[in-house]
Every structure is written in C-alpha cells, then in structure tokens.
Amino acid sequence: MNLISKIVIPLFVLFIILYGVKKRVNVYDSFLEGAKEGLILVFHITPTIIAMVFAVNIFLDSHFIDGILGFLKPLFDLANLPIDILPMALLRPISGTASLAIMNDIFMHFGPDSYIGRLASTLQGCTDTTIYVLALYFGSIKVTKTKYALPVGLFADLMGIIAAFVITFIFFG
Amino acid sequence: MVNVIWVLLILIAIIYSLFTGEVETINNGILTHATSGVNLILEMMPLIVLWTGIMKIAEKSGLLHVFARALNPLLRRLFPSLPRNHKALGYIASNIGANMLGLGSAATPFGLKAMDELQKDNPKKTEATEAMITFLVLNTGGVTLIPTTVIALRIMHGSANPTEIIITSILATAVSSMSGLVLDYFIRRRKRL
C-alpha cells in the first residue's frame, strides 16, 4: 500500500509531461503560466486561512468542548458508548489537526487495536474538515452567500459519524 | 453561513474563557495564532504553485478532458447544470481522483482550480452556484479510499493490523457522501419545481 502511494505521484507527473510533449504543448511555458495562477490563488486564500486558523485555535484554547462533555457524560454512559471519542467527533468538522491529535491520544491510551482506537481511525478517515473546506473553497473565489452548502455538509458529517459508530460496532464490536 | 460559524467560534472562546479564568491562554492565542495561519499558507504554497503549474500542462494538452470524459457518467449526473466540455469538469475529476487515493495535498489545488473555473461563468459573483455546492458536498464528504495518515499513525502505535480500518472507513465515507449528495439532490430538485 505504501509503495503504491509513493509511486502514484511520480508516475502521474511523468504521464502529464509526456502527454504534453506528445501533443506538442510548450510544457515549460504552460507550467510557468499555471504556477503564476497558483501564486495568485494562494494570495486569494491567505486572508481566509488566517481567519479560520485564528478562530479555530482560540476556540480549542478555551477548552469549551471539555465543558460540554461534562453535560453529555451521563448520556453516553447510559448508551454504553466510550465518552473519550466524543471530543473527536465534535471537532472533526472544525479542525483536522485537532481531531488527528485526539486520535493520537486515543491510540496512546487505549491502543490502535482497541474498539475505541478502531472507531477513532474510522472517524478520522470517513469525512473531511467541512468548515475548513467550505471557508477555503468559497473564500478563494470570494463567494459569501454559500446558501445551503454548510447545512448539507454538516448533515453529511453527522451521517458519517453515526455510520462510523454503527459500522465499527458491526465489524469489531 | 461561514460568517456565523466564525463569529460563534470566537465569541464562545472568549466569553467561555472569561468564566473559566483561562483568559491568559486566549490572550496569548490572539497574539500567536496569526503566525500559525501564515505558517500553514507557507506550507501549502509550494504545493499549490507546483500542482497548478503541472495541471496547466494537462489542461493545454487536452489530458484534463480525457480525465473528465472517463468520469463523465458520474459527473453528468452530479453536475447537470454544467455543459459537457466545461473546463471545471477536468479539475473536478482530478480532485476526486486525488482524494480517493488519499493524496490530499494534490487534491486541494485541483479543487481550488475547479472553483475558479466554476466562478468564471457564475452570473452572481458573490453567490454560490448549484454546481459549486454539489462539488463542495462531495469534497467535505472526503471520498477517501486509502486513509494514508491514519494508517501511518496506526503503524507508529504498533497496530497488529493497521489496514483493517480501510473497509470501515470506506463504508462510513460512502454513507457520509451519499447522504450529503442525496440531500443536495433533493434541495436542487425542489428549487426547480
């Protein structure tokens, strides 16, 4: 698996360049033209990224999530679900690095092959950081009226999280 | 909407920390987190510039069209509002492909470029189009087939079977993406009636 993911990118780049040469495209000039567009793209997304990183990080600093957990603990105990997974599920749509850090903690405390370790792995793999993706993609083209994009994205996350619980239970429970 | 989330995150953080006496952490955060943002951009910039450069070659040689045609049966159903030869479709196809292979760093530049192409024929520049929203739903669902980071971390922590979660991840992703796309489809259809 590792070899495949290591070889995919070099082959892909090779293929694009050979195909370009074959079709008599000025490969070098095209690269420069695209790279320049990329630089402008980075320029456009810079304010969005600074804004989101700032808001998400001070939110994490405040440990508000830990505060909510206190309220939810009895409910989780009742349903016999591991409470330690909850911060990860709550943070998954907001911050990819934060949920990854929690997964790492879970691996350290319970081991990757425990039920909760497998659940965390599935959660991390099953969805992307919705709020970050929305802010980044819409911010890059200055779209401010995102209409129903966020509710649909969060709905998909919720279904993914529920599915992760159910599927992990079926496979490893 | 992102606007609301942004305000909420900051409001909750500052007000909650006032109550719990963690103001100092927040104070430090306000002063240092802009740097984290800039660092993230500096990390992404070389990859974005590199990939948009390489993909320009693919665009000029017509290879992007080939990608789009390969995924055409899927794309036509997902993006009925786009004409068959729309430039964005090639980038969307590349983005989906890169995501599936777990190449997130390559997927983002393709995705940004796709949004850029979609924006070019958007009549109202500040409003999201249907195609943009469908594309984002697809992306936030994260159609990952091989969660490379998770597997790497499992190996690091000595898992006996680091890849056993691939199947559960794929199933959960499928549920997440499908439910997002179905909801998106119904919203689009209701608007047209």
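This is a short talk through a predicted two-chain model, starting with each chain and ending where the two chains meet.

Okay, quick housekeeping. Since the model is predicted, local features need pLDDT of at least 70 and side-chain atom pairs count only at pLDDT 80 or more, while totals for chains, interfaces and linings use all residues. Residues are numbered from 1 along each chain as its sequence is written, and chains are lettered from A, with ligands numbered from 1, in the order in which they are written.

Let's start with chain A. You'll see 8 helices and 0 strands. When I say helix, I mean a DSSP run of H or I with at least four residues, a strand being a run of E with at least two, and the numbering goes from the N terminus. The C-alpha trace of chain A spans about 65 × 40 × 30 Å along its principal axes. How does the radius of gyration of chain A sit against the globule rule? Well, the radius is 21 Å, well over the 16 Å that the rule gives for 173 residues, so chain A is more spread out than a compact globule. For the record, that radius is taken over C-alpha atoms, and the rule is 2.2 Å times the number of residues to the power 0.38.

Chain A is also divided into domain 1 (1-47) and domain 2 (63-172), with bounds from an automatic or database domain assignment. Taken over C-alpha atoms, the centres of those two domains are 33 Å apart. Here's a pair to click on: A:Leu39 and A:Gly70 are 31 residues apart along the chain, and their C-alpha atoms are separated by 46 Å. A:Leu39 is found in helix 2 of chain A, and with 15 C-beta neighbours inside 10 Å it counts as partly exposed.

That brings me to burial. A residue is buried if 20 or more other C-beta atoms lie within 10 Å of its own, exposed if 12 or fewer, and partly exposed in between, with C-beta atoms placed from the backbone. On that count, 48% of the 173 residues of chain A are buried.

Chain B, briefly. It has 9 helices and 0 strands, and its C-alpha trace spans about 60 × 50 × 35 Å along the principal axes. Buried residues make up 47% of its 193 residues.

Now contacts, meaning two residues whose C-beta atoms, placed from the backbone, lie within 7 Å. In chain A, among contacts between residues at least 6 apart in sequence, 62% join residues at least 24 apart. For chain B, with a separation of 6 or more, residues 24 or more positions apart account for 60%.

So, where do the chains meet? The contact takes 85 residues from chain A and 82 residues from chain B. Several helices of chain A give two or more residues to that side, including helix 1 (2-22), helix 2 (27-61) and helix 8 (149-172). The largest share, 24 residues, comes from helix 2 of chain A. By type, the chain A side divides into 50 nonpolar, 24 polar and 11 charged. Here Ala, Val, Leu, Ile, Met, Phe, Trp, Tyr, Cys and Pro count as nonpolar, Asp, Glu, Lys and Arg as charged, and the others, Gly among them, as polar.

Then there's the largest nonpolar core, with 99 residues; those with the most contacts inside it are A:Leu134, A:Ala164, B:Ile92 and B:Leu136. Such a core is a set of buried Ala, Val, Leu, Ile, Met, Phe, Trp, Tyr and Cys residues joined through C-beta atoms within 7 Å. Helix 2 of chain A gives the largest share of this core, 14 residues, and each domain of chain A supplies at least three. Zoom in on B:Leu136: among the residues it touches are A:Val133, A:Leu134 and A:Tyr137.

Next, helix 6 of chain A. Why do I call it largely enclosed by the rest of the structure? Because 11 of its 12 residues are buried, among them A:Ile116, A:Arg118 and A:Cys126. Those buried residues pack against helix 4 (86-91), helix 5 and helix 8 of chain A, together with helix 8 (148-156) and helix 9 (165-192) of chain B.

Last stop, the loop between helix 7 and helix 8 of chain A, where A:Lys142 lies. A:Lys142 has a positive phi of about 60° although it is not a glycine, and with 11 C-beta neighbours inside 10 Å it counts as exposed. A:Lys147 lies in the loop between those helices too, with a positive phi of about 50°. With 17 other C-beta atoms within 10 Å, A:Lys147 is partly exposed.

Conventions:
Lists of a residue's contacts leave out its neighbours within four places in sequence.
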